[in-house]
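My entries follow in the order I made them.

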Amino acid sequence: MTTLSADAVRSASKKLTMPTLTIDNQTISVPEGKTILEAAEALGIMVPHFCYHKELGAVGACRMCAVTVHTGPMPGLKMACLIAVEEGMVVTTGDDASATFRERVGEWLMLNHPHDCPVCDEGGECQLQEMTISSGHGIRRYQGGKGTYTNQDLGPFIAQEMNRCIQCYRCARTYKDYCGGRDFGVMGSRNRVFFGRFKEGMLESDFSGNLVDLCPTGVFTDRTFRFKSRAWDLEQADSVCPHCGVGCATVPGGRLRELQRVQSGDNSLVNATFICDRGRFGSGYANHPERPRQARQGDQPISVGAALTTLETQIRAAIKHHGPEAVLLVGSDRASLETNWLLQRTAKHFGCRVPVLNAHHHRHQTAQMAAFDFSDQLASLQDIRTSDLVLVCGVDPLAEAPLLALALRQAVRKGGRVVVYDPRPVELPCDYDQVAIAPLALQELLADSGAEGRHLRDLIGQAKAPIIVAGADLLGPVGFQKVRKWAEKSSNAERPCLMYPVLAGANSFGTALLSLPEQDDLLTRLDSGKVKMLICVETDPLLEAPDGERFAAALTRLEQLVVLDYLPTSLSTHANLFVPTCPPVEDSGTFINNEGRLRRFQQVIKPGQSLAVGEHPSREFSLDTPGSDPQPAALLLQRLIGRELPLAELHRQLVLEQPRLAALTKLKAGEAGSRVTPAVARPQFIDQLPEQPVQTLELVVSPARYGGDLFSRYAPKLEPRKRLPCFYLHPDELQKHGLKDGDNAVVETDFGSFRLSVCSQPGMAAGCVLVESSAAFPQLIPGAGFSYCVISPGGANE
């Protein structure tokens, strides 16, 4: 069967009607349905506005965007954000009537606004400052008393200063309408309008931080950044969030070599202009007080140059005495595309076997299916936002890909339907249908069997733009093969069924694309006994891969353990040779996100030890900045092999080896990014499902929303959002095993025995035990395949 690729279908869109109008003597044609304000922006004409935002639309609340329509169906003074363009329309923005109206509006919006710009964190990037001046209002004539409010405590992330509010309603529309939050809104009436909660407390939404970006004044500011720096003092650059595989555009800001805040960037195909709270407030890993910043050999500090010389000597000695398999290099899905490729070049340079680019073999196999077998039918988040049917199979979006949850909400707001098949009690900020189904039963469903399978087939057949969202951790390679088969059977030349894979790491797709499908996994190589020297680059298999005990045992058989990393992991602590590297904010490079889109990030700050609160600068003078030893991993590898190349030349050579990355040479930070070239799908082999042992429950290990990924695990700001660990069971399972909500229980698994309290969760599937991965359970790693357990009462509560 011949099907059009997703990109081909997008390019074959219907011909749009393009009305032509004139604004301030400039003519432009725009798509039908666009407003005068949007047409003016396209011409570079700035019409002052507050309530309008390109993702929220317009409500005409601020009355600031007045323009005069001279020729059109309704001539006169109009609000530019509300009036759709018409053929032949003539508009002026600077005429006396429009300018005078905007000046008066600016004056009344400022009646109650305090003169506190010198102490407001919004100062220097405040839309109110810019639009008030552009409206022509500059002198306050009103001498009366001002309306004041009592501020609320909205938790550790958001600070409120209601006296600065101009009632544009952006905050309520962002939090409630776009993000689906339920504990924040507008109260009061007329000039007594208040935006907040019914009672004080931490905002519940996982997207609460967007209030900071969307508020045009200083009402809502980042409490974690408060009074740290002025906006004009920050070093900022376009970057990419590393917390998951979505690849959201971000703009981190730093000063004095400290990463101080993260704001949302703008990418219409990925995250639009929003990010989740984990990505916004989870940047503490870069400034973590225990972050290793000094190269060392054993317990002795050494210079980075000496460390690289020692490493080169040790690699050559190991290969000389034990052969090419004696040295094994390991990459990571949190390392950049350039770093992982240079690992392969390093292996070639020294004559080693090919490196392992992901210690988690099961995740890596699943990511390879996305990179090779899904690549011609991948969907973007923008596709999901406009889909009429999204089937979410084996994914908890708020935990694994938060901006996916926002995309699902936009699909529902436009009339689409979301159906979730998952064993977990999935929460979404929108209306959805969920079938709570155990992992093995979900695999059988995807095999197109039973009544539910026929129902699923009918749903896809009736949809105009269906998309299947597939979770790599829960479905694994077997489930991904079945999803691919579903998509192929449900596609035709006019209407493809697209897929959106949810992978674990920021660069899971990139490491999968670079790797050979048939290469051995890490533990197989280590268990062979041939590996004498292990070099881990920005990875800790003890924390990022299953079978931690088996890996720990393999470490004892090594002669040398070398680690290059920027996180204070246990592997870094026990390394024979350690070299500090840089996190993404201190480096420039590329990730490839879930949909195969190349995403470039730029260096924001240089490495250096930031001062703790109240700490006095060193009284010793030195030419070296304290804590400045870390260097980008890609640069360290180039120095190791004696070939330091500019980034552009590095990309040129990478593309020669990997033609699918042709867009890499023209990629720029801050752009939407281009997709990798689709690959030819490989032959599919559906593996047999394992049989569940008698009298066992299926063990579902799910990433926690906060603390499930390594970055947020080392982010102190997120501590208030982290939940206490427990085992979740369906009430029927609790009763069957003689347990009550809150009782202690012992769960016997293949990864060890765990004693913890149990929690009743009626929204999950029966026959399962659910646990969230976190620092409390380092042995339990999501995506390890089918696992089973036995649960029994664990004695009295302590």
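**Entry 1: the largest cavity**

I looked up the largest cavity and found about 470 Å³ of space in it. I noted what counts as a cavity: on a 1 Å grid over the protein atoms alone, it is a set of points where a 1.4 Å probe fits but cannot get out, and lining residues have an atom within 4 Å of a point. Grid points are joined across faces, edges and corners, and the volume is the space filled by probe spheres set on the points. Over the whole structure, the search gives 13 cavities of 30 Å³ or more.

This is a predicted model, in which local features need pLDDT of at least 70 and side-chain atom pairs count only at pLDDT 80 or more, while totals for chains, interfaces and linings use all residues. Residues are numbered from 1 along each chain as its sequence is written, and side-chain values use heavy atoms, with hydrogens and water left out.

I then listed the lining of the largest cavity: it has 33 residues, and Arg 363, Ala 504, Gly 708, Asp 709 and Leu 710 lie nearest the centre. Two or more lining residues come from each of α12 (397-400), α19 (541-544) and α24 (710-713). Helices are DSSP runs of H or I with at least four residues, strands are runs of E with at least two, and both are numbered from the N terminus. α24 gives the largest share, 3 residues.

**Entry 2: the domains**

I looked up the domains, whose bounds come from an automatic or database domain assignment. The assignment gives domain 1 (18-109), domain 2 (365-503) and domain 3 (697-793). Where does the largest cavity lie? It lies between domain 2 and domain 3, because both give residues to its lining. The centres of domain 1 and domain 3, taken over C-alpha atoms, are 54 Å apart.

**Entry 3: the second largest cavity**

I found about 100 Å³ of space in the second largest cavity. It is lined by 14 residues, with Cys 241, Pro 242, Val 262, Tyr 285 and Val 585 closest to its centre. At least two lining residues come from each of β11 (239-240), β12 (249-255) and β13 (258-264).

**Entry 4: helix α9**

I checked the length of α9 (residues 337-350): its 14 residues should span 20 Å at 1.5 Å a residue, and its end C-alpha atoms are 20 Å apart, which agrees. The expected span is 1.5 Å times one less than the number of residues. I counted 11 of the 14 residues of α9 as buried, meaning under 20% relative accessible area with a 1.4 Å probe and protein chains only. Among them are Trp 341 and Phe 350. Gly 351 follows α9 and has a positive phi, near 80°.

Technical notes. 1 Å grid on protein atoms, 1.4 Å probe; cavity = no way out; pocket = protein on both sides within 12 Å on 5 of 7 lines; lining within 4 Å. Buried < 20%, exposed > 50% of the residue type's maximum accessible area, 1.4 Å probe, protein only.
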